[in-house]
Protein chains: 4
Amino acid sequence: MQSNRLEAFSDGVLAIIITIMVLELTLPDHGDTFQEFWHSAGTGLLTYLLSFVYIGIYWSNHHHLFQVVDEVDGTVLWANLHLLFWLSLVPLTQRWLDESSIARDPAVVYGINLLGAAIAYYLVERAIFRTPSGNALREALGRDLKGKLSPFLYLAGIGLAFVTPWLGLVPAIIVALIWLIPDRRVERYLKRAADRADAD
Amino acid sequence: MQSNRLEAFSDGVLAIIITIMVLELTLPDHGDTFQEFWHSAGTGLLTYLLSFVYIGIYWSNHHHLFQVVDEVDGTVLWANLHLLFWLSLVPLTQRWLDESSIARDPAVVYGINLLGAAIAYYLVERAIFRTPSGNALREALGRDLKGKLSPFLYLAGIGLAFVTPWLGLVPAIIVALIWLIPDRRVERYLKRAADRADAD
Amino acid sequence: MQSNRLEAFSDGVLAIIITIMVLELTLPDHGDTFQEFWHSAGTGLLTYLLSFVYIGIYWSNHHHLFQVVDEVDGTVLWANLHLLFWLSLVPLTQRWLDESSIARDPAVVYGINLLGAAIAYYLVERAIFRTPSGNALREALGRDLKGKLSPFLYLAGIGLAFVTPWLGLVPAIIVALIWLIPDRRVERYLKRAADRADAD
Amino acid sequence: MQSNRLEAFSDGVLAIIITIMVLELTLPDHGDTFQEFWHSAGTGLLTYLLSFVYIGIYWSNHHHLFQVVDEVDGTVLWANLHLLFWLSLVPLTQRWLDESSIARDPAVVYGINLLGAAIAYYLVERAIFRTPSGNALREALGRDLKGKLSPFLYLAGIGLAFVTPWLGLVPAIIVALIWLIPDRRVERYLKRAADRADAD
């Protein structure tokens, strides 16, 4: 199977996840004022923003990942579906987080969800390493400090949520900010490869 | 009509089906604890996982199927829409199954839904057999033991659901596990065809 | 703008319309038996089937239409969005039809919705006629008996709904059956054009 | 990253936004007459029409924009996600506007939403200016009177909403009508560039 079909399907799933979260936001029952709007939708808007950024980061990294991949096998395909499964749970866990006004257990479950997605992403990379495109990806990723650091920050967040629920979201926000700095590694690799090809 | 338009549309429908099922999962009304979350969303998460794997399998097989097809006619187009119709009912029947905490009749209806989709998939294969790409597909599929076995397992599941509801899901889980072993037949056929072309 | 972007966007909208209608189907509140399922979801399943077939027909015809079109201008683009607007209302009007167990006014509104979509489709054809691809489409469509007949059948349905609500759906079902016979005109035209090119 | 992936993802998100708004429209609880339908869904249909036209305009302009862009960098990617974020809020703010039967604060929030999207769109243009395709876009856009005028009309709408809520929607309707006149600037630029290339 060619990787562009897998990318198109993943694009579709991510586009839906990122959009339907808005359907979950609750509006004031009979109120028409800013205060009531903020009271019923305020927390939802903030957690929606965080989840939106997360799905955006996964979409962006997902494409950088598959830019160096041509053909995918069954293992990559199911590793990718496994990743999409974790990401498809984000609207559910963020809705619980929102409806509980950021209580302890929902913050822990949200953290577990982000951790699961991070591990699934790591497994997609492992699965690609075993394909013919693996060496190119390995070289492009390099030491992958960001990828190795993120799971530990999620774990820290899960721990902190047991202390103070909203504190559990802080490491997740830090991870988001780290990843918002766009991932130039793959593009740099592609550029180096092109330069080397020109030099030959 | 070229098959890639049909694939893109099917991709879209399957991506939506696989994602909106999460919208159906029920959260605790006023509870913020793990127990309440598991109580209200636990069964839903398990049946969601099963349905997710099923849609994933259909997506994966669908693409393997259309990899050897170039042009589709009206019969293939409507056979494919017929398949998408059955798959689009999965979020409904799985929601009933979930809300009933896996009762008898919902388990039977869920089984009928999976059986209907399996028959529809078989009809898509038949419809392709009659197109110019038919011989290539026939050769690629070979004896198709998995395809022929699945409907009987669904039938067994429908029967078992009358005995004990959750037992009716066991054959469906077995079918899922059988198909999770990625379908290498089509890829093997394409490889053989390429090798033969090289040998000439 | 090239027509393939317009087709991809329309594909997306139609794939969503065809899938979200299932979200609207109502399940029994606390019932786990076939009778309760059929009682609460029966009418919904039948009207869903009708709407599914309709969206399927529009998708199929839409692609046949744009197969002979290369470039689209602003008029075609907005005529197409106008068509998508009418089709996007189908989940709403079919939900009302379902919730009313096919009452008079909902049947009339559903008929108006189908009529509006048919007129919008006709306007898309007119808009394409004025582009450089217009002559090819004009020749491909020929006398277009089906296209000219459909609006009158919808009008008849709207009239009949005033007599007996479910009778108003009969012409809509007849139109669906007429169109289910796949549209070979465009494919025949493309074949003739290819044959002529070969003969030159 | 090539711009066509970004366009496909944006297409998906916009197709979902434009379609799910219909899910939000409220139907009469137990009424089957035109009056009750209009009473419960009337305002919703009108605001849905306005939002549909808006998303349609953004989709249309978005594609005109990216027609002259080949490669996008991380800044363009996140500027585009920022735009999609504002647009994804339209179903929420239009639902509040609808449920409040166009009250003051919801009309102000809807106006802020449109203003935010307009500013985000402007930032996408700025981000593209800094890429290698920037000069082509700069030349294609010219003075961009429509783009510069729109934010001020949204601001006027927000102000007017404080006087009379529905008056606040008038400037938004005017902006929609201005933009409905299809944007020929980019197409004209592409034509001029082609003509110049022919003349050389």
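Student: What rotation and what shift superpose chain B on chain A?

Tutor: In this predicted model, a rotation of 90 degrees with 0.0 Å of shift along its axis does it, with an RMSD of 0.0 Å.

Student: Why are the two copies said to be related as by a four-fold rotation axis?

Tutor: In general, two copies of a chain are related by a rotation about an axis and a shift along it. Here the rotation is 90 degrees and the shift is 0.0 Å. The two copies are thus related as by a four-fold rotation axis. In chain B, Gly12(B) has the C-alpha nearest that axis, 4.5 Å from it.

Student: What makes you say that the copies use different surfaces?

Tutor: Of the contact residues of chain B, 9% recur in chain A, and on that figure the copies use different surfaces.

Student: Which rotation superposes chain C on chain B?

Tutor: Again the rotation is 90 degrees, with 0.0 Å of shift along its axis and an RMSD of 0.0 Å. In chain C, the residue closest to the rotation axis is Gly12(C), whose C-alpha is at 4.4 Å. For this pair, 9% of the contact residues of chain C recur in chain B, and the copies use different surfaces.

Student: How do you know that no contact joins chain A and chain C?

Tutor: Contact needs heavy atoms within 4.5 Å. No contact joins chain A and chain C, and their closest C-alpha atoms lie 9 Å apart. Chain B and chain D do not touch either, with nearest C-alpha atoms 9 Å apart.

Student: How many residues does the contact take from chain B and from chain A?

Tutor: Chain B gives 33 residues and chain A gives 32. The area buried between chain B and chain A is about 3,000 Å², and carbon and sulfur atoms give 76% of this area. On the side of chain B, 22% of the area buried against chain A comes from Leu27(B), Phe34(B) and Trp59(B), more than from any other three residues.

Student: Why is the pair Asp11(B) and Arg5(A) called a salt bridge?

Tutor: The name requires a side-chain nitrogen of Lys or Arg within 4 Å of a carboxyl oxygen of Asp or Glu. For Asp11(B) and Arg5(A) the N to O distance is 2.8 Å, so the pair meets the 4 Å cut-off. Side chains of opposite charge can pair when their charged atoms come close.

Student: What makes Arg5(A) and Glu7(B) a salt bridge too?

Tutor: Their side chains meet at 3.6 Å, N to O. Arg5(A) lies in helix α1 (residues 3–24) of chain A and Glu7(B) in helix α1 of chain B, so the pair joins two chains. Between chain B and chain A the count is two salt bridges, and over all chains it comes to twelve.

Student: How many residue pairs are in polar contact between chain B and chain A?

Tutor: There are four, with both residues at pLDDT 80 or more. The elements that give two or more residues to the side of chain B that touches chain A are α1 (3–24) and α2 (34–67) of chain B. The largest share of that side, 14 residues, comes from α2(B). By class, the side of chain B that touches chain A has 21 nonpolar, eight polar and four charged residues.

Student: What area is buried between chain C and chain B?

Tutor: About 3,000 Å² is buried there, with 76% given by carbon and sulfur atoms. In chain C, Leu27(C), Phe34(C) and Trp59(C) lose the most area to chain B, together 22% of what that side buries. The contact takes 32 residues from each of chain C and chain B.

Student: How many salt bridges are found across the interface of chain C and chain B?

Tutor: Two are found. One of the salt bridges in the model joins the side chains of Arg5(B) and Asp11(C), at 2.8 Å from N to O.

Student: Which residues of chain A does the record call a "transmembrane region"?

Tutor: According to the unreviewed UniProt entry, the annotation covers residues 6–25, 37–57, 107–124 and 152–181 of chain A.

Student: How much of residues 6–25 of chain A is helix?

Tutor: Over residues 6–25 the chain is 95% helix and 0% strand, with the end C-alpha atoms 30 Å apart. Residues 107–124 of chain A are 100% helix and 0% strand, and their end C-alpha atoms are 26 Å apart.

Note on methods. Residues numbered from 1 in each chain as written. Chains lettered and ligands numbered in written order. Predicted model: local features only at pLDDT ≥ 70, side-chain atom pairs only at ≥ 80, totals over all residues. Heavy atoms only, no water. Least-squares fit on C-alpha atoms with pLDDT ≥ 70 in both. Buried area = accessible area lost by both parts, 1.4 Å probe. Polar contact = N/O pair within 3.5 Å; in protein donor to acceptor, adjacent residues only side chain to side chain. Helix = DSSP H or I, 4+ residues; strand = E, 2+ residues; numbered from the N terminus. Nonpolar A, V, L, I, M, F, W, Y, C, P; charged D, E, K, R; others polar. UniProt positions renumbered as here; feature names shortened; annotations may be inferred.
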